[in-house]
Amino acid sequence: MIKTDVVIIGAGPTGLFCAHQLGIIGLKCEIVDNLDKIGGQCIELYPDKPIYDIPAVPKCTGEELTNNLIKQIKPFNFNFHLSDRVQKLKNENNKWLVKTLNGKEFETPNIVIAGGVGSFEPRKFPTKSAEKYDGKSVLYSIKDKTIFKDKSVVIFGGGDSALDWAIELSNSSKVTLVHRRDEFRGAPASVQKIKELSDNKTIDLITKYSIKDVKGNGSIESVEIKSESGESKVIKADYVLGFFGLIMQLGPIAEWGLNLDKKTIPVNTENFETNKKGIFAIGDICTYPGKLKLILSGFHEGALAARGCFKYARPDEKYRFEFTTASSTIKDRLGVKE
Amino acid sequence: MAKIKYIEFNGTEHEADVANGLSVMEGAIQNDIPGIDADCGGGMSCATCHVYINDDEWFKKLPEKEMGEDDMLDQAFEPKSNSRLSCQLIVSDDLDGLTVHMPEKQV
């Protein structure tokens, strides 16, 4: 059991800057994110796309913004718990007991939900029949590629994951790559390589088809694909892999008794607390009159939520506002030597 | 201003007057029309404002897809050749009478 002042859910820009504000006012926090890296949507959806509306930063990419935020909170040495997800919350004596999917436990008076629009999960096949093989022979990520040796593998998708795995597995498996259109969104070199492998018959490339049905008896035997005009084909398959990118799901957050407005959490704008005492929501996941889904709004929300956390983390102390330019206490916390 | 018809997967029809300059996605969100999620808020960074344009004449009449829209559509639920992201369809008088069909689900 880890005891801390605040558990932050979400390591996107809003969660990171909230951690900074907590560090500045002398609180500790632990940060949990279900991605395997820090940065949230900035790093997952647009690491290379320039952002033009961060105050005083005319232009930076999602990756640069993330790296700078990580640098900014480095003095505080906060722990990150990546590839993990907060699953269960329980309130006991005004403390929240927090349990993660990987079995970690925290005790904290404050939780800050900075979860964007939820956690990223792979998009799955729309086909009902694929569900019963999910995780066995219908896969959306690959942990151990040796299981495919000498097997028939049908890969769906047109992005880098689909192309890279089609190329990689073509060395030791019978690979069929199926994509809904003729163009691919993967790296040009990979697209070129796929075309070569298709021309020399190393892989079967089928475009303008999508999945229709998965057939088998205990284990998968074949997959049926369809074109838009209604033609269908049956391909022998031991494994079916789908790479359709990630979708965002609210996940367990929906089960914590918080008021919800569609997929967002209403908060008061004084301290960004939700209807539950000690649970705050900031960034894209919170809503209030006039809410803008901008990174800069998330920064502001995180700064106020951090002060809200202070009240519960240090009930016997009075919060005193200080500027980073003038406060020697803050400079000590930042490890600044003058 | 354009009158846009939104038809849910279950057949429920909604009609909205959408001001020029807004997207077809924003027209749905502002009028509380279900079936369009728009998780990313219109940045072409998700695929949860996916619609079908079933009328071929209308599909051809719409502004062409920009780079990246088809890439996002690859990641939508059941994309077809008449799929569009409604955040990329900017309303003008020319879109008066457009009908969009929502997929079974967005995520």
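Biologist: Which strand of chain A does Phe80(A) lie in?
Modeller: Phe80(A) belongs to strand β6 of chain A, which covers residues 79-81. Please bear in mind that this is a predicted model.

Biologist: How is Phe80(A) classed by its C-beta neighbours?
Modeller: Phe80(A) has 16 C-beta neighbours inside 10 Å, so it counts as partly exposed. A residue would need 20 or more to count as buried.

Biologist: And which residues does Phe80(A) touch, not counting those up to four places away in sequence?
Modeller: Those residues are Ala11(A), Ile31(A) and Ile38(A).

Biologist: Let us turn to chain A as a whole. How many helices and strands are there in chain A?
Modeller: Chain A contains seven helices and 23 strands. Its C-alpha atoms fill a box of roughly 70 × 45 × 40 Å along the principal axes.

Biologist: What percentage of the residues of chain A count as buried?
Modeller: The figure is 39% of the 338 residues of chain A. As for contacts in chain A between residues at least 6 apart in sequence, 60% of them join residues at least 24 apart.

Biologist: Now the helices. At what angle do α1(A) and α3(A) pack?
Modeller: Helix α1 (residues 13-24) of chain A packs with helix α3 (residues 62-73) of chain A at an angle of about 15°, and their axes are 9 Å apart. That angle makes α1(A) roughly parallel to α3(A). Their crossing is left-handed.

Biologist: Which residues meet there, in α1(A) and in α3(A)?
Modeller: From α1(A) come Pro13(A), Leu16(A), Phe17(A), Ala19(A), His20(A) and Gly23(A). They meet Leu65(A), Thr66(A), Leu69(A), Ile70(A), Gln72(A) and Ile73(A) of α3(A). By class, this contact has eight nonpolar residues, four polar and no charged.

Biologist: How do α1(A) and α6(A) pack, in angle and distance between axes?
Modeller: The angle between α1(A) and α6(A) is about 40°, with their axes 8 Å apart. The two helices are therefore oblique to each other. In this case the crossing is right-handed.

Biologist: Which residues make the contact of α1(A) with α6(A)?
Modeller: On the α1(A) side, Pro13(A), Thr14(A), Phe17(A), Cys18(A), Gln21(A) and Leu22(A) take part. The classes are 10 nonpolar, four polar and one charged.

Biologist: What do the buried residues of α6(A) pack against?
Modeller: They pack against β2, α1, β10, β22 and β23 of chain A. Leu304(A), Phe310(A) and Ala313(A) are among the buried residues of α6(A).

Biologist: What span should the 19 residues of α6(A) have at 1.5 Å a residue?
Modeller: Helix α6(A), residues 295-313, should span 27 Å; its end C-alpha atoms are 26 Å apart, which agrees.

Biologist: Does helix α5(A) lie largely in the open or largely buried?
Modeller: Of the 12 residues of α5(A), one is buried, so the helix lies largely in the open. Lys201(A) follows α5(A) and has a positive phi, near 65°.

Biologist: Finally, how many residues does each of chain B and chain A bring to their contact?
Modeller: Chain B brings 14 residues and chain A brings 18 residues. The side of chain B that touches chain A has four nonpolar, four polar and six charged residues.

Note on methods:
Residues are numbered from 1 along each chain as its sequence is written. Chains are lettered from A and ligands numbered from 1 in the order in which they are written. This is a predicted model: local features need pLDDT of at least 70, side-chain atom pairs count only at pLDDT 80 or more; totals for chains, interfaces and linings use all residues. Two residues are in contact if their C-beta atoms, placed from the backbone, lie within 7 Å. Ala, Val, Leu, Ile, Met, Phe, Trp, Tyr, Cys and Pro count as nonpolar, Asp, Glu, Lys and Arg as charged, and the others, Gly among them, as polar. Helices (H or I, at least four residues) and strands (E, at least two) are DSSP runs, numbered from the N terminus. Axes are lines fitted to C-alpha atoms, for helices over the stretch in contact, and angles run from 0 to 180 degrees between N-to-C directions. Angles under 35 degrees count as roughly parallel, over 145 as roughly antiparallel, 65 to 115 as roughly perpendicular and the rest as oblique. A crossing is left-handed if the near helix is turned anticlockwise from the far one by less than a right angle, and right-handed if clockwise. The expected span of a helix is 1.5 Å times one less than its number of residues.
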